[in-house]
Amino acid sequence: MATPEFILELRRMVGTHPLTLTGVTAVIVHEGRILLGRRSDNGALTPITGIVDPHEEPADAARREAEEEAGVRIRVDRLAWVHQIPRVVYANGDQTDYLDLTFRCAWLEGEPYPADGEMTEVDWYPLDDLSGLDDEMRARVAAALEDGPTRFAGGR
């Protein structure tokens with residue numbers, strides 16, 4: 001899916017100035033494997049991610065993104081990590097600050113495939129080999145796989 005319409009509307013008003021948006025990361029686990037996809041925009045291997053729409057519950061956004069991006073239905077089990085991602089500056093100059101909500105999720109049904117074009121491939125990867133992920137995504141996955149309370153970056 002392309003940039004959501006509400007963001008395009010905001011960009012018409014604020015130009016490239018920083019926007020603060022809420023994002024979700026759905027770490028989808030099934031039988032010792034994790035669902036990952038290769039992003040079509042930059043080739044990075046990542047869990048399912050996306051932006052929370054206005055008036056949308058974050059867990060609903062994680063479910064929606066899993067269905068839109070990978071064609072799978074999931075159950076959101078718990079909020080694992082809340083953290084601010086360093087400012088992203090896109091090639092066109094747009095600046096965005098994302099508050100990321102990382103969820104641990106379980107696969108329910110559906111054969112994964114790159115459903116909406118945001119991913120060029122989607123597949124199951126073994127949990128014991130996440131070497132294809134960058135440090136940021138590896139940290140999100142690690143947080144989702146931990147048992148215990150939700151992590152809050154910077155919290156004491």
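Reply: Two strands pair if DSSP finds at least two bridges between them. Helices (H or I, at least four residues) and strands (E, at least two) are DSSP runs, numbered from the N terminus. The model is predicted: local features need pLDDT of at least 70, side-chain atom pairs count only at pLDDT 80 or more, and totals for chains, interfaces and linings use all residues. Residues are numbered from 1 along each chain as its sequence is written, and side-chain values use heavy atoms, with hydrogens and water left out.

Of its 12 residues, 10 are buried, so E1 is mostly covered (buried means under 20% relative accessible area, exposed over 50%, partly exposed in between, with a 1.4 Å probe and protein chains only).

E1 runs parallel to E7, and 11 bridges join the two. Within this pairing, Cys-105 of E7 stands opposite Ile-28. E4 runs antiparallel to E1, joined to it by 4 bridges; here Thr-25 has Thr-49 as its bridge partner.

E2 is also antiparallel to E1, with 2 bridges between them. His-30 stands opposite Arg-33 in E2. These two strands form a hairpin with 2 residues between them, and Glu-31 in the turn has a positive phi of about 50 degrees.

The buried residues of H2 include Ala-61, Arg-64 and Glu-65.
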